[in-house]
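Good morning, and thank you for coming. Please take a moment to look at the sequence and the structure before I describe them.

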Amino acid sequence: VSSQVVPPSNSPLPDNPNLGLVFDLDNLEEIYLAGGCFWGVEAYMARIYGVYDVTSGYANGKTMEPTYKEVLAGSGHAEAVHVRYDPSLVTLEELLDYFFVVVDPTSLNKQGNDRGISYRSGIYYTDEAELPVIEVVIAELDDLYKKDIVVEVEPLDGYYIAEDYHQDYLEKNPNGYCHIEFDAIEEQNE
């Protein structure tokens, strides 16, 4: 059994409750989420208790190995994050509930100030067994909103890690642009 401790951070962002946790890498699960600019989504999801790691990348587009410039030019990819988590500490349903605290599921191809297909909202899964959980969360959202839910729910069709400068962007650039409010995470950590 392999395990790893999440390393400490010097971030001005809210505290990360996962620092110092020991994760069993053999029991991690994953989900891919798109919710506008990936910088904030990455930093936010990384601070949910039970999340081992989050990377920024490009999902479900028309080309292989796209660059940021190609994504913005119309490769069809969504800016997305790959979330690896311990299901004994946080469930997929809980992760999605947190995700929809900061992502408007009725906003088509935009979140915050970001506009375009690369900023669409999506949930991309790699295990068919996750689909019923995702469908329940989407149905609950549908009951909460008067507008249509426009979140793309699809099997993952390619995920490519974004360039290095996008990884942990808000950790490295604490005053960088972010459409995400971290209040829900701060309340969770209290």
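The secondary structure of this protein comes to six helices and ten strands; helices (H or I, at least four residues) and strands (E, at least two) are DSSP runs, numbered from the N terminus. The radius of gyration is 16 Å, close to the 16 Å that the globule rule gives for 190 residues, so the protein is as compact as a globular protein of that length. That radius is taken over C-alpha atoms, and the globule rule is 2.2 Å times the number of residues to the power 0.38. Along its principal axes, the C-alpha trace spans about 40 × 35 × 30 Å.

This is a predicted model, in which local features need pLDDT of at least 70 and side-chain atom pairs count only at pLDDT 80 or more, while totals for chains, interfaces and linings use all residues. Residues are numbered from 1 along each chain as its sequence is written, and side-chain values use heavy atoms, with hydrogens and water left out.

How confident is the predictor? The average pLDDT (the predictor's confidence in each residue, from 0 to 100) is 90, and 91% of the residues score at least 70. Over residues 5–11, however, the pLDDT is below 50, and this stretch has 15 contacts in the model beyond near neighbours in sequence; contact means heavy atoms within 4.5 Å. Where pLDDT is low, the predicted coordinates should not be read in detail.

I turn now to helix packing. Helix 1 (residues 38–46) packs against helix 3 (residues 92–102) at an angle of about 140°, their axes being 11 Å apart. Axes are lines fitted to C-alpha atoms, for helices over the stretch in contact, and angles run from 0 to 180 degrees between N-to-C directions. From helix 1, V41, Y44 and M45 meet L95, Y98, F99, V101 and V102 of helix 3. The residues of this contact divide into eight nonpolar, no polar and no charged. Here Ala, Val, Leu, Ile, Met, Phe, Trp, Tyr, Cys and Pro count as nonpolar, Asp, Glu, Lys and Arg as charged, and the others, Gly among them, as polar.

Helix 3 also packs with helix 4 (residues 131–144), at about 35° and with axes 10 Å apart. The residues in helix 3 that take part are L92, E93, L96, D97 and F100, which meet V133, I134, V137, I138, E140 and L141 in helix 4. This contact comprises eight nonpolar, no polar and three charged residues.

Finally, consider Y68, which lies in helix 2 (residues 68–72). Its C-alpha atom is separated by 9.3 Å from that of H166, 98 residues apart along the chain.
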